[in-house]
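Subject: The structure I promised you

Hi,

Have a look at it first, then come back to my notes below.

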Amino acid sequence: MTAVVQKTVLTGCLAPIDKNGLEQLIANGKANPKVVKTLKCKTVAEGKFRHANYIRNLPPYIVDEPPGLLGDDTAPNPSEASLAALGSCLAVGLHANAVHRGWIVNKLELELEGDLNITAVWGTGDMSDKPVGFTDVRVKVDMDCEGVSQDEIDALVAHVKKWSPVANTFTRPVNLEVGI
């Protein structure tokens, strides 16, 4: 007797997402395009450069610094966490758009790297005129979808980059208020 292998519809090897739920999110966004949601995070210093970040009712998301920046190396540093946020946001967009198009995703991996000058040491070191933060970020997408050409995947990547909230945060000015 031959065993029949059945693929998860619309997701290939990735865990399925709720296509009906996705379609409802799409409809809600089109029905009320001016809705703005405020996201919140409470950051609590734990000692040295380790911080617990409290988001919704989730366990704390830890951010630390590596030993070269005087941390204990227990978690990603803030800049690494921002790369992870960018990679995750792009991956969510790629997966959601692929499912919306009816594509079967067999592989979705993103490799990110970013360049930044850290000699200012948070404003305590060399404060000569230079960019602070990332100057360049590179994202390499490795995505395989059944029966979908590389040109179609490339177009999807460009589309997702345009509509990613985190990618837009990286590429345009944001109003930032820091105060007591």
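**Before you start**

This is a predicted model, so I kept to some limits: local features need pLDDT of at least 70, side-chain atom pairs count only at pLDDT 80 or more, and totals for chains, interfaces and linings use all residues. Residues are numbered from 1 along each chain as its sequence is written, and side-chain values use heavy atoms, with hydrogens and water left out.

**Confidence**

The score to know is pLDDT, the predictor's confidence in each residue, from 0 to 100. The protein averages 90, and 93% of the residues score at least 70. Residues 1-11 are another story: their pLDDT is below 50, and beyond near neighbours in sequence this stretch has 13 contacts in the model. A contact here means heavy atoms within 4.5 Å. Where pLDDT is low, the predicted coordinates should not be read in detail.

I'll mention helices and strands a lot: they are DSSP runs numbered from the N terminus, with helices being H or I over at least four residues and strands being E over at least two. Confidence is lowest in helix 1 (residues 19-31), with a mean of 89, and highest in helix 3 (residues 150-163), at 98.

**The hairpin and its salt bridges**

Strands 1 and 2 pair in the antiparallel sense over five bridges. For strands to count as paired, DSSP must find at least two bridges between them. Gly 47 has Arg 50, in strand 2, as its bridge partner. Two residues sit between the strands of this hairpin, and Lys 48 takes a positive phi near 50° there.

How many salt bridges are there? The count comes to seven, where a salt bridge is a side-chain nitrogen of Lys or Arg within 4 Å of a carboxyl oxygen of Asp or Glu. One of them joins the side chains of Arg 50 and Glu 46, at 2.6 Å from N to O.

I also sorted residues by relative accessible area: buried is under 20%, exposed is over 50%, and partly exposed is in between (1.4 Å probe, protein chains only). Arg 50 is partly exposed at 26%, and so is Glu 46 at 44%.

Lys 48 has a salt bridge too, with Asp 72, and their closest N and O atoms are 3.1 Å apart. This pair links distant parts of the chain, 24 residues apart: Lys 48 is in the loop between strand 1 (42-47) and strand 2 (50-54), while Asp 72 is in the loop between strand 3 (61-63) and helix 2 (78-100). Lys 48 is exposed at 60%, whereas Asp 72 is partly exposed at 42%.

**A salt-bridge network**

Next, look at Arg 138 and Asp 115, which form a salt bridge with the closest N and O atoms 3.0 Å apart. Arg 138 is in strand 5 (residues 134-145) and Asp 115 in strand 4 (residues 105-116), so the pair ties together parts that are 23 residues apart in sequence. Salt bridges that share partners join Glu 113, Asp 115 and Arg 138 into one network. Arg 138 is partly exposed at 35%, and Asp 115 is partly exposed at 32%.

**Some buried residues**

Is Ser 164 buried or exposed? Ser 164 is buried, at 3% relative accessible area. You'll find Ser 164 in the loop between helix 3 and helix 4 (165-171). Leaving aside neighbours within four places in sequence, Ser 164 is in contact with Cys 89 and Leu 90.

Cys 89 is itself buried, at 17%. The structure holds zero disulfides, counted as pairs of cysteine sulfur atoms within 2.5 Å. For Cys 89, the nearest cysteine sulfur is that of Cys 41, 16 Å away.

Finally, Ile 153 is found in helix 3 and is buried at 4%. Beyond its neighbours within four places in sequence, Ile 153 is in contact with Trp 103, Met 143, Cys 145 and Val 148. Of these, Cys 145 is buried at 3%. The C-alpha atoms of Ile 153 and Met 143 are separated by 7.4 Å, with the two residues 10 apart along the chain.

Asp 73 has a positive phi of about 60° although it is not a glycine, and it sits in the loop between strand 3 and helix 2. Trp 122 also has a positive phi of about 60° without being a glycine, this time in the loop between strand 4 and strand 5.

Happy exploring!
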